[in-house]
Amino acid sequence: MQGNVRPENMARITTKELADKFIAEQIADVRAQVGDKKVLLALSGGVDSSVVAALLIKAIGKQLVCVHVNHGLMRKDESENVIKVFKDELDANLIYVDATDRFLDLLAGVSDPERKRKIIGAEFINVFADEARKLEDVDFLAQGTIYPDILESVKAAEGKKAVKSHHNVGGLPEDLKFELVEPIKLLFKDEVRVVGEALGLPHAMVYRQPFPGPGLGVRCLGAITRDRLAALREADAILREEFDKCGLAEKVWQYFVVVPDIKSVGVKDESRYEGWPAIIRAVNTKDAMSATIEEIPYSVLHKITDRITKEVEGVNRVLMDLTPKPVGTIEWE
């Protein structure tokens, strides 16, 4: 499929049969485009980059070089799962970069949300570019661009008010000149998931809930500290585990914990205990322009509260955010 316009007669990919046909077509197209050259991919572990990685592994095997950057703002065990699926199970040519200290040092003392986002985005590009420069004979850059990204970028280019614009991995330095490989660029998100399952990716990875590019950096509210980030990661893991157990994981579009930079007085072991609040947010939406709050049974909330306050160091309260969008946004920062 050439160009950035989805053909009017292109069938919606809704079944494994259609997905298998699409995969076969893309494998042939990628092999014709790439030949025996190498392809570089920033593998975040998100749905889009994971599907692209799995597809390209089928098409060109070890010619694909995946770079997974752990910026220290991932959810619990996410980087480990990327390594398990792609390196151990799919035998991918995977480079793992633990850049935690590099990111957190730059973020120290920074409380403004937009500054945090810009620092994280810019440093991701720097780390990825550093790894790219170490590689030889790489001519192609693969991206998990999907059709909504193209539609939004076209609106921006036409001077219309768009949700957001999209750039090649945020805009790489000029000395890194690659030809793009974008095998899923004409697919909508639901189609990407069907293709992902047809490729044999784990269900949890294919149906991974939306996760912001800055990761937990915009859920650790205010200036990020390592201890509060660790508390956030553990509290979020408990929330996800309990949602899985009670069937809410498949029902709720996005659910997460935020931990603000405030403390309140509590009691622990019969002594005064100052700790942070862990705030639960669970929303449903069709277009992310508006969102409603998912009603969580009190029995589930009690279980989550009990576990977080007992198991997470530094947290002494659990709160529930009941604000729809509008007036609230989906994320806090």
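Helices (H or I, at least four residues) and strands (E, at least two) are DSSP runs, numbered from the N terminus. The model is predicted, so local features need pLDDT of at least 70 and side-chain atom pairs count only at pLDDT 80 or more, while totals for chains, interfaces and linings use all residues. Residues are numbered from 1 along each chain as its sequence is written, and side-chain values use heavy atoms, with hydrogens and water left out.

Helix α1 covers residues 16-34 and helix α2 covers residues 47-60; their axes come within 9 Å and cross at roughly 60°. Axes here are lines fitted to C-alpha atoms, for helices over the stretch in contact, and angles run from 0 to 180 degrees between N-to-C directions. α1 and α2 are therefore oblique to each other; angles under 35 degrees count as roughly parallel, over 145 as roughly antiparallel, 65 to 115 as roughly perpendicular and the rest as oblique. The crossing of α1 with α2 is right-handed. A crossing is left-handed if the near helix is turned anticlockwise from the far one by less than a right angle, and right-handed if clockwise.

On the α1 side, Phe 22, Gln 26, Ile 27, Val 30 and Arg 31 meet Leu 55, Leu 56, Lys 58, Ala 59 and Ile 60 of α2, contact meaning heavy atoms within 4.5 Å. The residues of this contact divide into seven nonpolar, one polar and two charged. In this division Ala, Val, Leu, Ile, Met, Phe, Trp, Tyr, Cys and Pro count as nonpolar, Asp, Glu, Lys and Arg as charged, and the others, Gly among them, as polar. An α-helix has 3.6 residues a turn, so residues three or four places apart point the same way.

The buried residues of α7 pack against α1, α2 and α8 (203-206). Seven of the ten residues of α7 are buried, so α7 is largely enclosed by the rest of the structure. Buried means under 20% relative accessible area, exposed over 50%, and partly exposed in between (1.4 Å probe, protein chains only). The buried set consists of Glu 191, Val 192, Arg 193, Val 194, Val 195, Gly 196 and Ala 198.

Glu 191 has its place in α7, residues 189-198, and counts as buried because its relative accessibility is 0%. Its side chain makes a polar contact with the side chain of Arg 6, at 2.8 Å. A polar contact is a pair of N or O atoms within 3.5 Å; within protein, one must be able to donate a hydrogen and the other to accept it, and residues adjacent in sequence count only if both atoms are side-chain atoms. Leaving aside neighbours within four places in sequence, Glu 191 is in contact with Arg 6, Ala 11, Arg 12, Ile 13 and Leu 186. Just after α7, Gly 200 takes a positive phi of about 90°.

The axes of α9 and helix α10 (residues 298-311) come within 10 Å and cross at roughly 150°. The two helices are therefore roughly antiparallel to each other, and α9 passes α10 in a right-handed crossing. The α9 residues Ala 235, Ile 238, Leu 239, Glu 241, Glu 242, Phe 243, Lys 245 and Cys 246 meet Val 300, Lys 303, Ile 304, Arg 307, Ile 308 and Glu 311 in α10. This contact divides into eight nonpolar residues, no polar and six charged.

Not counting residues up to four places away in sequence, Arg 228 touches Cys 220, Leu 221, Gly 222, Ala 223, Val 259, Pro 260, Asp 261 and Trp 276. Of these, Pro 260 is 32 residues from Arg 228 in sequence and 8.6 Å away in space, C-alpha to C-alpha.

The remaining features concern the backbone. Most residues other than glycine have a negative phi, and most peptide bonds are trans. Asp 77, in the loop between β2 (64-70) and α3 (78-89), has a positive phi near 70° and is partly exposed at 42% relative accessible area. Asp 137, in the loop between α5 (113-134) and β4 (138-142), has a positive phi of about 60° and is exposed at 61%. In the segment after β10 (315-320) lies Pro 326, joined to Lys 325 by a cis peptide bond with omega about -20°. The bond from Pro 326 to Val 327 is cis, with omega near 20°.
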